[in-house]
Structures are given as C-alpha cells and as structure tokens.
Amino acid sequence: QVQLVESGGGLVQAGGSLRLSCAASGFSFSSYGMGWFRQVPGKERLFVAAISRSGGSPYYAEFVKGRFTISRDNAKNTVYLQMNSLKPEDTAVYYCAATGKYLSNRYEDYNYWGQGTQVTVSS
C-alpha cells in the first residue's frame with residue numbers, strides 16, 4: 001500500500017537547522033510531484049514547498065524562501081526538506097505529500113499524505 005513516512009523532526013533552538021526526510025513506497029515515486037505542508041492546531045494546513053518529478057522547479061512559500069530547501073532522490077524514493085534559520089513561528093507538524101500534478105501548492109491537488117512529524121522551535 002501507499003506509504004509516506006516522515007522523519008527528522010524534533011526540538012531545536014531559534015536559528016538552528018533540521019532536515020526532514022520523507023520515504024515513499026507503494027507507488028511510482030518518480031512519477032509524482034512532491035510537496036511539504038505544515039499545520040498548527042486549530043489552523044489550516046499550509047503549503048511550504050514543492051518539487052517536480054525530476055527534481056527541478058522547486059517552489060516555496062514566501063515565508064520560507066531563502067531558509068528552506070526542498071530536494072528529492074528518486075533512486076531512494078525520498079524527498080527532503082532542509083530547514084535553516086528556524087524561527088519559533090516555524091513550529092508545526094510537517095507533512096509530506098504526493099501529487100499527480102507536475103507541481104502544485106494546493107492542498108486539494110495532493111493524493112497521498114504522510115502522518116506528519118513535529119517540529120518545535122524554541123526562542
């Protein structure tokens with residue numbers, strides 16, 4: 001069955017870095033665009049970053065541009081999110097997701113979702 005399993009979350013001080021990973025299985029990973037979203041309790045899930053099937057065309061939300069980098073390794077069926085210069089407002093559960101679209105920042109375009117990994121940034 002389809003699985004997306006995130007890892008790499010945790011507690012970090014403001015200004016620090018974390019690297020999230022998302023291991024995919026059960027579908028043709030290289031045929032899907034991949035994205036990262038985040039959500040805090042009581043609020044909607046927000047787009048963070050996306051990357052096309054080949055690994056080109058990375059696309060970021062304004063609030064992470066210059067700080068976060070999305071990448072993927074199709075040989076390992078894994079997508080990454082390198083997060084630098086973290087801020088307390090980056091605290092959220094981070095989800096990876098797969099879309100049949102080339103690239104999308106829309107929640108409704110994503111077909112498969114992981115269970116999420118908690119990122120907490122202390123001030």
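Analyst: Start with contacts: a contact means heavy atoms within 4.5 Å. In this protein, residues 24 or more positions apart account for 58% of the contacts with a separation of 6 or more. The model is predicted: local features need pLDDT of at least 70, side-chain atom pairs count only at pLDDT 80 or more, and totals for chains, interfaces and linings use all residues. Residues are numbered from 1 along each chain as its sequence is written, and side-chain values use heavy atoms, with hydrogens and water left out.

User: How many helices and strands does the protein have?

Analyst: Both are DSSP runs, numbered from the N terminus: helices are H or I with at least four residues, strands E with at least two. Here there are 0 helices and 11 strands. The protein is as compact as a globular protein of its length, because its radius of gyration is 13 Å, close to the 14 Å of the globule rule for 123 residues. That radius is taken over C-alpha atoms, and the rule is 2.2 Å times the number of residues to the power 0.38.

User: What share of the residues is buried?

Analyst: Buried means under 20% relative accessible area (1.4 Å probe, protein chains only). Buried residues make up 43% of the 123.

User: Which residues have the most contacts inside the largest nonpolar core?

Analyst: Such a core joins buried Ala, Val, Leu, Ile, Met, Phe, Trp, Tyr and Cys residues through side-chain atoms within 4.5 Å. The largest has 34 residues, and Trp36, Val79, Leu81, Met83 and Tyr94 have the most contacts inside it. Strands that each supply at least two residues of this core include β4 (33–39), β8 (78–83) and β9 (92–99).

Note on methods. Buried < 20%, exposed > 50% of the residue type's maximum accessible area, 1.4 Å probe, protein only.
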